[in-house]
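Hi there,

Here is the structure I promised to pass on. Have a look at it first, and my notes on the helix packing and a few other points follow below.

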Amino acid sequence: METAVLLRSSNKLIFNPRHYSPHNFFRLLSSSSISSSSLTPLNPHHASTVPDEVAEKYGFEKVSGEFIGECKSKAVLFKHKKTGAEVMSVSNDDENKVFGIVFRTPPKDSTGIPHILEHSVLCGSRKYPLKEPFVELLKGSLHTFLNAFTYPDRTCYPVASTNTKDFYNLVDVYLDAVFFPKCVEDYQTFQQEGWHFELNDPSEEISYKGVVFNEMKGVYSQPDNILGRAAQQASSPISNCFDFNHFCMQSVDYLDIPSCLSTIIHEYNFALFPDNTYGVDSGGDPKVIPKLTFEQFKEFHGKYYHPSNARIWFYGDDDPAERLRILSEYLDMFDASSAPNESRVEQQKLFSEPVRIIEKYSAGDGGDLKKKHMICLNWLLADKPLDMETELTLGFLDHLMLGTPASPLRKILLESGLGDAIVGGGIEDELLQPQFSIGLKGVFEEDIQKVEELVMSTLKKLKEEGFETEAVEASMNTIEFSLRENNTGSFPRGLSLMLRSISKWIYDMNPFEPLKYEKPLMALKARIAEEGSKAAFSPLIEKFILNNPHCVTVEMQPDPEKASHDEAAEREILEKVKASMTEEDLAELARATQELRLKQETPDPPEALRSVPSLILRDIPKEPIHVGDINGVKVLKHDLFTNDVLYAEIVFNMRSLKQELLPLVPLFCQSLLEMGTKDLTFVQLNQLIGRKTGGISVYPFTSSVRGREDPCSHIVVRGKAMAGRVEDLFNLVNCVLQEVRFTDQQRFKQFVSQSKARMENRLRGSGHGIAAARMDAKLNVAGWISEQMGGVSYLEFLKALEKRVDQDWAGVSSSLEEIRISLLSKNGCLINMTADGKNLTNSEKYVSKFLDLLPSKSSVEAAAWNAQLSPGNEAIVIPTQVNYVGKAANIYDTGYKLHGSAYVISKYISNTWLWDRVRVSGGAYGGFCDFDTHSGVFSFLSYRDPNLLKTLDVYDGSGAFLRELEMDNDTLTKAIIGTIGDVDSYQLADAKGYSSLLRYLLGITEEERQKRREEILSTSLKDFKEFGEVIEAVKDKGVSVVVASPEDVDAANKERSNYFDVKKAL
Ligand SMILES: [Zn+2]
């Protein structure tokens, strides 16, 4: 369910790294889906520079500088003379300022030091000596980005804000954190964030706890991750950070790991890189993490978190001299070190022979295990970094082979019927040496070899025959459109540039080069025009893949016993640990466990909290919206600067659809774009879209509407194009909607298998989303609809549909047609457009023509839906080592009327009560609450959680927590500022236009938004206490859904007499 409309207390703990990190130069730019955002005008004349004598005064020398046309920025590289720290200072008039400090942190083993350190340094520092400055910043700053990333060989600390004062506050907190963190003196932070033995009572069993330990257990519970790790493709586990303790514990190593451990440990093999740092997991292998000592941890920080080993990035419209002044305060305190030599990443030499490895992963015993194998081929492309032009050509090649559903390698693999979905990310060029990976999952064991042969024969064929001219044109246009549009969605532009620059700079290469695409792009275009595309691409396929012996083939076999074996092995280790301890040891461990918990649960003193800077409150401008009509259809227009791009949404009402057709809607949307028409194959249709537009997407949107029984339920067609191509855009949208034929049974069957594979993956990796959807479905109609199209019900539907496609294709095909007939109508259609005024006016004639072609119906009647899921508590059982725990109720049913303070309060509960109890002392990776202000559903959720009933008890304690809460004014102000920053988050123009559309659909007026803002700003402690009563409804009447392991559900049902109905999902 999309709900960026007013705001839900968004969960900042959970980021999917692959979402954000621009692994491939083009990956982020060339995604065919359309994410929210657009352009700010950048005026090169605004970019100011630092005079040499000013740089000199602060201890810097200018190394080089240039104007970079591609991002309309003046960029200067400085070197700090005393330490050698390097600084890229990028100036332009983008108000969304970005700072980042990056250290080279290559690990030598899989204990996860870089990752645990990344969590720990933000747990308090010299100037900000509180438990969790990071959380305080989350609560009380206007940041547009705040996080930290661990890569296989580097650690990045980026922040962004549009407010200059806020920006410099954030920079100071981050600099102090990385250079002077408390965690290097504080064993308890290491225990909490890394790992420790937990023993509540000497008579009980010892267990492992630790935030990173548990986070990585979750990562290792997903077969796709294990597969990727086997070849080191999944580059960046991301996380943000937490808690610290300022008392120092004496007996640091009082519990050293017994030696028996090392014999049991089996480290995952990162087989593509046996000889360098990429052969180990910087995120940490849960089996190896407990080998890490506090001494090693401290030493790692001392060595690598040093200015000599740092690369620092500033970007935006602030004063570049001020940047150097701030940095000099920190950097001048250090002398040069030898870290740059020690942190250098060595190259992996190429193999002379291919390698094959076989891994097992834990699969549930449900379903057909025979068809659960995975196979992936991985190549290391070169033994040194490539030049820009080769890299760019490889980026194109990647898009040509795999970028769209019409791309031949993707298409041939999926159409072969040998597997359910693609694995392997294509070309990855973010590490020192580029790689290429491709494979399939959902494969029969006996078909493994066929997949390998098909990959090879397809690559050979592509090398010999080259690509179609239309395909090359489409890829070229798609990539160019993306580069020029530079639409990074909610990800700050300056951060996307930083990550791109760093991908070379970190290896001592030129940081400017990756920012400049214009020249190599023109050169490549000219070359293709002159010599043909085959001359450009075939030699690359031959050299880097076909004739390259450095290939690692990874096969993954499902093992229904593995999860229980792993757990037994862990228990055995822990039992040995316990057996080796004396009675005094055990008493000491129980005492230490108690002490750690007590410290975690004790709030910071107010004077420490005041050390974290925060802001005063401000007002927010309104967005322009004009509501008119064309041919009797309502048209919303947003006059905003978009650099000559038109963004359009065409919305159809879904309310008239028959109930049994609802779960087919996502596949209907996919079919529109990927099945072809009478005149065009789907490949040709995709190429046309690629050549003429910036992309078209189709998806359902469903939400409750406050105060209304009936939900808002639509299908949205989103498209974008350059102003000169608007006619093409609307023609293509019309073609997609009206001319696509639902006749290709085999293709449709692939869609079903892919969707099934995707849903199974979500169940393991984002179980909290599945649990939330399930609870919503039990509580309101909109939730029920969404669950039909994306929850456990949907997965069940897909399993049945897979058979139905074979048995009754004619029936399925006519159901798809029925959806089209029921949807497509001028009545119930709405158009939304975002561009500048001139382009909006010019577009009207094409809209009018488009609408003329739509059928008219007398009226759109709402269908009767029996939208109810059985209301009881439910456990969705899957093979996993970590759980997702949810509980929810509709608080509007208690008579509660929405008030802006609810935003502040639910965010506060997430950042304090749940953070402390579910994450810090519970050991889960995340815990948060969410208030859907449209439906009234208030839900609690946890993520990668070792507990189950214990977490539910924490949720139930939230009401009491609020009622007994005491807080001073500073804390309250901070909570309010943090919330206002969410409500008025930074958006590029197309996202503004889109949010405005959603508000329109949900009946939220500008007046109401203003009223909520005022309520947020005037939130008082009394509101908190009263809300404590309101959410007692969740405790008393709430429904609980968990996604969890069979063992934990069993134990819970024994402890609380069959609390959960059990549903086996995998
Ligand atoms: Zn993490």
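Let me start with helix 29 (residues 792–807) and helix 30 (residues 809–823), whose axes come within 5 Å and cross at roughly 110 degrees. By that cut-off, helix 29 and helix 30 are therefore roughly perpendicular to each other. On the helix 29 side, the contact is made by Leu 801, Arg 804, Val 805 and Gln 807, and helix 30 brings in Trp 809, Gly 811, Val 812 and Ser 815. Sorted by class, this contact has four nonpolar, three polar and one charged residues.

Next come two pairs with another arrangement. Helix 24 (residues 682–692) packs against helix 25 (residues 726–739) at an angle of about 160 degrees, and their axes are 10 Å apart. Helix 24 and helix 25 are therefore roughly antiparallel to each other. The crossing in which helix 24 passes helix 25 is left-handed. Leu 685, Leu 688, Ile 689 and Lys 692 of helix 24 meet Asp 728, Leu 732, Cys 735 and Val 736 of helix 25. That contact counts six nonpolar and two charged residues, with no polar ones.

The other pair is helix 35 (residues 969–983) with helix 37 (residues 1006–1017): the axes come within 9 Å and cross at roughly 160 degrees. That angle makes helix 35 roughly antiparallel to helix 37. Here the crossing is right-handed. From helix 35, Ile 976, Thr 979, Ile 980 and Val 983 meet Arg 1013, Ile 1016 and Leu 1017 of helix 37. By class, the residues in the contact of helix 35 with helix 37 are five nonpolar, one polar and one charged.

On to charged pairs. Searching the whole structure turns up 73 salt bridges. One of them joins the side chains of Glu 518 and Arg 484, at 3.2 Å from N to O. Glu 518 sits in helix 18 (residues 518–531) and Arg 484 in helix 16 (residues 469–485), so this pair ties together parts that are 34 residues apart in sequence.

Finally, a word on confidence. The protein has a mean pLDDT of 86, with 90% of its residues at 70 or more. Residues 1–47, however, have a pLDDT below 50, although this stretch has 164 contacts in the model beyond near neighbours in sequence. Over residues 233–269 the pLDDT also stays under 50, and the model has 143 contacts for them beyond four places in sequence. Where pLDDT is low, the predicted coordinates should not be read in detail.

Enjoy exploring it!

Best wishes

Notes
Residues are numbered from 1 along each chain as its sequence is written. This is a predicted model: local features need pLDDT of at least 70, side-chain atom pairs count only at pLDDT 80 or more; totals for chains, interfaces and linings use all residues. Side-chain values use heavy atoms; hydrogens and water are left out. pLDDT is the predictor's confidence in each residue, from 0 to 100. Contact means heavy atoms within 4.5 Å. Axes are lines fitted to C-alpha atoms, for helices over the stretch in contact, and angles run from 0 to 180 degrees between N-to-C directions. Helices (H or I, at least four residues) and strands (E, at least two) are DSSP runs, numbered from the N terminus. Angles under 35 degrees count as roughly parallel, over 145 as roughly antiparallel, 65 to 115 as roughly perpendicular and the rest as oblique. Ala, Val, Leu, Ile, Met, Phe, Trp, Tyr, Cys and Pro count as nonpolar, Asp, Glu, Lys and Arg as charged, and the others, Gly among them, as polar. A crossing is left-handed if the near helix is turned anticlockwise from the far one by less than a right angle, and right-handed if clockwise. A salt bridge is a side-chain nitrogen of Lys or Arg within 4 Å of a carboxyl oxygen of Asp or Glu.
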